[in-house]
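The sequence and the coordinates are shown first.

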Amino acid sequence: MTLSGLMPAGAPSPLAGITAAAPAGGLRVLGLDLSLTSTGVCLPDGSTVRIKTRQRDGDRRILQVRDYVRAAAVGERLHLAVIEDLPKHAMSAGLTAKVHGPVVCELLDAGVPYAYVVPATLKKYAADHGNADKARMAAAAYLAAGVEFADDPGGDQCDAWWLRAAGLDHYGQPLFELPQAQRDRLTKVSWPELVLGGVR
């Protein structure tokens with residue numbers, strides 16, 4: 001689903017009305033593929049949305065993405081957020097970094113621990129290839145769990161879905177089986193310590 005970011009900053013977020021039920025005892029993990037133009041979000045129930053903003057709104061787009069994340073951080077009773085890290089040496093990293101700061105502030109204010117996963121690690125975990133393109137990532141999601149992503153031209157929802165899957169996998173609640181070599185890629189991530197009902 002694509003959520004338009006055309007609403008005025010400070011208006012109630014469409015995510016505020018979404019209530020996602022995680023399995024009993026399951027970790028509530030949010031996956032975030034942040035971008036100034038098209039942010040992918042995977043909610044704790046595995047559903048995905050894309051927050052699309054207008055270039056002409058300039059830096060006010062940061063507020064739009066922040067407001068969506070604020071609603072999710074509070075309304076979804078999150079245990080963890082998994083964020084795709086900034087690409088190293090990428091020309092667009094500066095623009096994407098503008099979104100990361102306010103989003104992390106929202107997570108900190110809500111007391112939600114978070115982890116960063118660099119794109120190459122996520123691709124190796126999902127598709128066993130550090131340069132996997134969007135089509136390969138989507139194919140890997142379909143093979144692993146039969147999941148397809150409509151209205152996801154940039155692969156943002158797919159990446160967010162894999163970020164959530166990585167978080168669940170690391171904390172012992174994998175959604176599906178993957179080769180151990182791929183799962184071992186997650187050891188490169190600096191994961192926060194969680195103490196929630198025996199999950200550590």
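Strand S2 (residues 29–33) and strand S5 are paired in the parallel sense over four bridges, where pairing requires that DSSP find at least two bridges between two strands. The model is predicted: local features need pLDDT of at least 70, side-chain atom pairs count only at pLDDT 80 or more, and totals for chains, interfaces and linings use all residues. Residues are numbered from 1 along each chain as its sequence is written, and side-chain values use heavy atoms, with hydrogens and water left out.

Helices (H or I, at least four residues) and strands (E, at least two) are DSSP runs, numbered from the N terminus.

How many residues of S5 are buried? Strand S5 (residues 80–84) has five of its five residues buried, a term that stands for under 20% relative accessible area, with exposed meaning over 50% and partly exposed in between (1.4 Å probe, protein chains only). Cover is present on both faces of S5: Leu-80, Val-82 and Glu-84 are buried on one side, and Ala-81 and Ile-83 on the other.

**Salt bridges**

Side chains of opposite charge can pair when their charged atoms come close. The structure holds ten salt bridges, each defined as a side-chain nitrogen of Lys or Arg within 4 Å of a carboxyl oxygen of Asp or Glu.

| Asp-151 | Arg-50 | 3.5 Å |

The side chains of Asp-151 and Arg-50 form a salt bridge. This pair links distant parts of the chain, 101 residues apart: Asp-151 lies in the loop between helix H4 (134–145) and helix H5 (156–170), and Arg-50 in strand S4 (residues 48–52). Arg-50 is buried at a relative accessible area of 8%, whereas Asp-151 is partly exposed at 42%.

Because Asp-59 is in the loop between S4 and helix H1 (60–75) and Lys-98 is in helix H2 (residues 93–110), the pair ties together parts that are 39 residues apart in sequence. Asp-59 is partly exposed, with 44% relative accessible area, and Lys-98 is partly exposed at 36%.

Asp-159 is buried, its relative accessible area being 5%, while Lys-134 is partly exposed at 36%.

**Surroundings of Arg-183**

Arg-183 is found in helix H6 (residues 180–183) and is partly exposed, with a relative accessible area of 25%. Which residues does Arg-183 contact, leaving aside its neighbours within four places in sequence? Arg-183 is in contact (heavy atoms within 4.5 Å) with Tyr-125, Asp-169, Pro-174 and Leu-178. The C-alpha atoms of Arg-183 and Ala-166 are 8.3 Å apart in space, and the two residues are 17 residues apart in sequence.
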